[in-house]
Amino acid sequence: MNSEEKNSVLIIDDEKANIIKLSHILGSEYTLYASKGGQNGICTAKSNRPDVILLDILMPEMDGYEVLAILKSSEETKEIPVIFVTGLTNTIDEEKGLALGAADYITKPFNSTIVKLRVGNQINAVNQTRLKIEKEAAEQSNKAKTEFLSRISHEMLTPMNTVMGMLQLARMKAPGKETLRIYDEIDGAAFRLLELINDMLDIYAVEKKNFKLVSANFVFADMIDNVLKIIEPCMNTKKHRFSSNIDQTIPDTVTGDESRLAQVLHNLLANAAKFTPEGGEIQLRIYCLSEESGLCTLQAEVIDNGIGMTKKEQTALSRVFEQGIGGAARKYGGMGLGIPISKHIVEEMGGRMWFESEEGKGTRFFFTFRVGS
C-alpha cells in the first residue's frame with residue numbers, strides 16, 4: 001500500500017444509524033465502505049479487500065456469526081481481521097465469536113475513543129504484517145538477483161579468459177602496427193570487463209559472508225611492481241605523469257593477503273587514471289605508521305589532480321562508505337564497484353578508508369592496513 005493511501009474499513013450493519021455513527025467516528029482517518037446486510041457485506045469484502053471489517057452480530061436473514069464463518073472460509077477474505085459490533089453483553093456470545101475467528105469486540109452504545117483505539121490496534125497489526133511480508137519479498141528478490149548475477153558472472157569468466165588468451169596468441173604472430181593497436185583496444189576492453197565480473201563475484205561473496213582473506217608471506221616491493229605493471233598501459237595511453245614514494249622502512253617480506261591488497265591498490269590507481277585528464281599527475285605513497293608486536297600498520301595514499309568530485313558526488317560516495325556494499329554501493333556508478341569492495345577489504349585487514357576531493361582539483365584516497373612484519 002502506498003504510504004499516502006488510507007487504510008480501509010468495511011462496516012456491515014443492517015441499521016443505517018449505526019453505519020452513520022461509525023462513519024462519523026472513523027471517516028477522517030480511513031477509507032470507509034458500508035453494506036446493509038450480511039450478503040452484501042460479503043460481496044463488498046471480496047471486491048474491495050478492506051483492512052478491517054466491523055460486523056454487527058444481530059442482523060435479519062444472516063447474522064454476524066454466519067457472515068464471519070463465510071468470510072473465514074474464503075481465501076479472499078480469511079486474513080481480514082473482523083471486529084464484532086454488538087449490544088450483546090453475554091460472555092457466551094463473545095466466546096462464540098472469538099471461537100469463529102473474531103479479532104475483537106466493540107459494544108453499543110459507541111464510545112468514540114474506544115472505537116478508534118480498537119480499530120487502530122487492528123490496523124496497526126495489519127500494517128506491520130504487510131511491512132514484514134513486503135520486506136521478506138524484497139529480500140528474496142534481492143537474493144535471487146544476486147545469485148543470478150553470480151551464476152552469470154561465473155559463466156562469463158570462461159569465455160573472457162579465452163578471449164584474453166587468444167589475444168595473447170595473436171600478438172605472438174607479429175601483427176602490423178594498426179592491427180596491434182586494435183589488439184590493444186580489445187585487450188583493454190576485455191580487461192575492464194574481467195574486472196567488472198570479478199567485482200560482481202566479490203559483492204556476492206560479501207553478501208553471502210563468504211569473503212575471506214588468505215594470509216601468506218610475500219615480498220612487498222614485488223606486489224607493488226606487479227600492480228604498476230598492470231596499470232601502466234592505462235596511464236601511458238593518457239600520458240599521465242606517475243610517481244611513487246614507498247617507505248624504505250617497510251619490511252621486505254610481510255604477511256597478509258597479497259592479491260587483495262593488490263586489488264585495492266589497482267582499484268584506486270585505475271580510478272585515478274579514469275578521472276584524470278590526459279597529461280595529469282598521479283601519485284602513490286605508502287609509509288609505515290607503526291610497528292608493534294609483529295604487526296606493521298601502513299598507510300597508502302593515491303593522489304590525482306583530475307576532475308575531482310562535486311559536493312553531490314562526495315555526499316553520494318560518503319553514503320556508500322556508511323552503508324557498505326549491501327546498500328548504496330550498487331547505486332553509485334561514478335566510482336564503479338571497486339571502491340566499496342576496496343573499503344570492505346581494507347576493513348577486513350584491520351584498517352579504514354577515507355577520501356578528500358575538490359571539484360576541478362583532484363582527489364586523494366587514503367587507507368590504512370595491517371600486515372605481519
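Predicted model: local features only at pLDDT ≥ 70, side-chain atom pairs only at ≥ 80, totals over all residues.
Visitor: Is Arg285 buried, partly exposed or exposed?

Guide: Start with the general idea: buried means under 20% relative accessible area, exposed means over 50%, and partly exposed is in between (1.4 Å probe, protein chains only). Arg285 has a relative accessible area of 29%, so Arg285 is partly exposed. Residues are numbered from 1 along each chain as its sequence is written, and side-chain values use heavy atoms, with hydrogens and water left out.

Visitor: What does Arg285 pair with in a salt bridge?

Guide: In general, side chains of opposite charge can pair when their charged atoms come close. A salt bridge here is a side-chain nitrogen of Lys or Arg within 4 Å of a carboxyl oxygen of Asp or Glu. Arg285 meets Glu301 that way, at 3.9 Å from N to O. Glu301 sits in strand 10 and Arg285 in strand 9, so the pair ties together parts that are 16 residues apart in sequence. Glu301 is buried, with a relative accessible area of 5%. Arg364 joins in too: Arg285, Glu301 and Arg364 are linked in a network of salt bridges.

Visitor: How many salt bridges does the structure hold?

Guide: There are 9. Another one of them joins the side chains of Asp51 and Arg130, at 2.7 Å from N to O. Asp51 lies in the loop between helix 2 (38–48) and strand 3, and Arg130 in helix 5, so this pair ties together parts 79 residues apart in sequence. Asp51 counts as buried at 8% relative accessibility, whereas Arg130 is partly exposed at 24%.

Visitor: How many helices and strands does the chain have?

Guide: Helices (H or I, at least four residues) and strands (E, at least two) are DSSP runs, numbered from the N terminus. This chain has 10 helices and 12 strands.

Visitor: Which way do the side chains of strand 3 point?

Guide: In a regular strand the side chains alternate between the two faces of the sheet. In strand 3, Val52, Leu54 and Asp56 point one way and Ile53 and Leu55 the other, and all are buried. Strand 3 covers residues 52–56.

Visitor: Which strands pair with strand 3?

Guide: Two strands pair if DSSP finds at least two bridges between them. Strand 1 (residues 8–12) pairs with strand 3 in the parallel sense over 4 bridges, and Val9 stands opposite Val52. Strand 4 (residues 82–86) also pairs with strand 3 in the parallel sense over 4 bridges, with Asp56 opposite Val85.

Visitor: What does Leu22 touch, leaving aside its neighbours within four places in sequence?

Guide: Contact means heavy atoms within 4.5 Å. Leu22, in helix 1 (residues 16–26), is in contact with Ile11, Gly27, Leu54, Val85, Phe110 and Val115, those neighbours aside. Leu22 counts as buried at 0% relative accessibility. Although Leu22 and Phe110 are 88 residues apart along the chain, their C-alpha atoms are separated by 8.1 Å.

Visitor: And how much of the chain is buried?

Guide: Buried residues make up 42% of the 373 residues. Among contacts between residues at least 6 apart in sequence, 68% join residues at least 24 apart.
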